[in-house]
Amino acid sequence: MTSPAAAAPIPGVSSLRSGGWWRFPKLPSSVWGGLERWLEAERGQLPLWVPIAFGAGISCWFLLAGPRQWTGLIVAALGVAGLGAVLPGRSGRTLLVGGLLMAAGCGAIWWRAEHLAAPVLARPQVAQFDAAVLRIESRPARGLVRLVLAPVQRADLPPRLRVNVDAAAVPPGLAAGALVALRARLVPPPGPSVPGAYDFRRVAWFDGIGATGKALDPVTLRHAPPQAGQDLRAALSAHIESRLPGSAGGIASALATGDEGAISEDDSEAMRRAGLAHLLSVSGLHVTAVTGAAMLVVLRLLALSPWLALRVRLPLVAAGAGALAAIGYTWLTGGQVPTIRSCVAALLVLVALSLGREALTLRLVAAGAMVVLLLWPESLAGPSFQLSFTAVAAIVALHESPHMRRWFEAREEGPARRIAREAGSLLLTGILVELALMPIGLFHFHKGGIYGAVANIAAIPLTTFVVMPLEALALLGDLIGVGAPFWWLTGQAMALLLWIAHRVASAPGSVAALPVMPAGAFACMVVGGLWLGLWRTRVRIAGLIPLMVGALWALATPGPDLLVTGDGRHVALRMADGSLALLRDRAGDFTRQVLGENGGVEADALAALAERPDARCSPDLCVAEVVQGGRRWRVAATRSVYPVAWRELVAVCASSDIVVSERRLPRACHPRWLRLDRRVLDATGGVALGFAHGTVRTVHTATHQPWVDPPTVQPPFSAAKGDRR
């Protein structure tokens, strides 16, 4: 007979079913009870993990190799949900909901990737074709216009192309909806040139872009749409840039319409290095300013009428005006993910205010994230989503802390103490945001700003309370012909903003550079940061463990000793003193930037291999020796399209550990370790080598994401599937 003590239920936990054909292993009552008590104490925080569980399914889809693994993940997640369905208490419900959300996230991104499937150009070609203009993006700082086109009646071309056109070659009156004729050199969307570099193929796949290229001749306008010239966003950008030339106009245009094309590369890089790039991407700061301004103006104007003030809930009307302003501003700026996220958040804040609830909470941030992930699950893999939501979540979590609430709350004190406390609060918030965003910046861009918190103390108030109001007054003044003084003041404020950016960017040690961060290290830091920021009990301190493990893992990961681009033309070799040297002296700015970022150095710090004393170079061949991992490595690489004499080349191969060439090497070329010629690189893509442990990382891996091996178009074209490479 069972004793009463054995039959007694665990405190705080429902009894487990023990009959039937299955039985759960019994755990100590302290474990079950402790788990239930902890979840009960954190019940208010559990909804915050809804978008995280959904996003975990999306992340796993990107990381896993193909359909079999994706199906296995969904089945496993549903198994966890089934286990949660039969487990008692809050822990069971947590497993049930978490498993369902993870399976739903994986299924959502899988469906999205298949739903947006479009054929990709099979090989580079020069084509002459007619096309409808879908979108126009002006890039005045680079002297070009970017067109997104839909070819007309061309089965041998993808349904959507992106073509760069010289600004002088664009016909007057060109607008979205026009029909144009052009000749362009088209190429398939390029993948990463080296492991860890930006993968444009993935972005192009979800945008439906099947080829990119450059127009070779002026574009001919065959038919202009009736609404030509009425594109409000383009017209407003052009008007602002005509009033404020140069980067000042580009920043003003970015604040008003989201168009950053007129900002020079030097100024844009200075803003990034100073940690001010978020000011150029229309997000929470800008939407909040527009919404608040609209509410303030409407409320003050309506309050002038005593009749309305006594009979109408003016704050509710002002909230409605703010909502319309937020939606209109989001539409005007192109509806990018950060803007949509900020608009959703602003609307939720306005709803909360209208209902008399607390407005700015982590639940609001979680709701906005869930909306974006449901509509655009692929945005989770991009830095824009990660940076914007991390920044907002960090700020809200800080201000929700009881200790910080006591510090930030208003109180009776003198002006000097109030200003000092508010400045300290702003500095603390900036430091927290910089720390939260640094892993994301290092993972995606391989560098992060150090002094961003200090720069933002001046730049954010300057932008919010000076630049944007002056620009709004200038635009309103232009309606009645009195905008010139306000444009002058806006230009002076812009000059001050750029001065801050350049001074901070040029300060010693302003940027921390890091080689490619392992995905596992980044995942550890993300999990640790979420655990630390979202829980409220002492268990949150455990988040420091994965956070520190990820940080140490990232810092301990050595940079690659040799980087080879997928075409074999460009090689970066780490020399004995730790610097990177380039094989070709005339590598373009983009190539230098990619190799520098993935090698963990600044692009302007890259040296020429031919100028190194430990390398011997001719116009056609370079041979260098470096000591890494306790031994001497000899690397040889061709550096021109002209062939090297057969005997000499074979002799160099035999005496070298690694030989790199953009063309096929003779069969008699047998280096001691690796031969990376055209045939090998076509199979591997770009390569990163580590000499100390003999590690080899390649761009082409055993994954089956749709953009890795897409259906292609080439004559003859099958409309059903396309021709596969």
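This is a predicted model: local features need pLDDT of at least 70, side-chain atom pairs count only at pLDDT 80 or more; totals for chains, interfaces and linings use all residues.
Local features need pLDDT of at least 70, side-chain atom pairs count only at pLDDT 80 or more, and totals for chains, interfaces and linings use all residues. Residues are numbered from 1 along each chain as its sequence is written, and side-chain values use heavy atoms, with hydrogens and water left out.

Start with strand β2, residues 125–139. Strands here are DSSP runs of E of at least two residues, and helices are runs of H or I of at least four, numbered from the N terminus. Two strands pair if DSSP finds at least two bridges between them. β2 runs antiparallel to β5 (residues 179–187), joined by eight bridges. In that pairing, A132 has L179 of β5 as its bridge partner. β2 also pairs with β3 (residues 144–151), again in the antiparallel sense, over eight bridges. There, S138 stands opposite V145. Four residues lie between the strands of this hairpin, and G143 takes a positive phi near 70 degrees.

Now move to the open sheet. Six strands stand in the order β13-β12-β11-β10-β19-β20, and the pairing is mixed. β13 (607–608) and β20 (695–698) are the edge strands; each has a single partner, so one side of each lacks a neighbour in the sheet. Helix α22 (residues 589–599) packs on the sheet and touches β10, β11 (571–574) and β12 (580–582). Contact means heavy atoms within 4.5 Å. The direction of α22 makes about 155 degrees with that of β12. Axes are lines fitted to C-alpha atoms, for helices over the stretch in contact, and angles run from 0 to 180 degrees between N-to-C directions. β10 (residues 562–564) and β19 (residues 687–690) run antiparallel, with three bridges. L562 has L689 of β19 as its bridge partner.

A cavity is a set of points on a 1 Å grid over the protein atoms alone where a 1.4 Å probe fits but cannot get out; lining residues have an atom within 4 Å of a point. There are two cavities of 30 Å³ or more.

β11, β15 (621–628) and β16 (631–638) each supply at least two lining residues. β16 gives the most, with three.

The second largest cavity has a volume of about 30 Å³. Among the residues that line it are P119, W205 and I209.

Definitions and conventions. On a 1 Å grid over the protein atoms alone, a cavity is a set of points where a 1.4 Å probe fits but cannot get out, and a pocket is an open set with protein on both sides within 12 Å along at least five of seven lines; lining residues have an atom within 4 Å of a point. Grid points are joined across faces, edges and corners, and a volume is the space filled by probe spheres set on the points.
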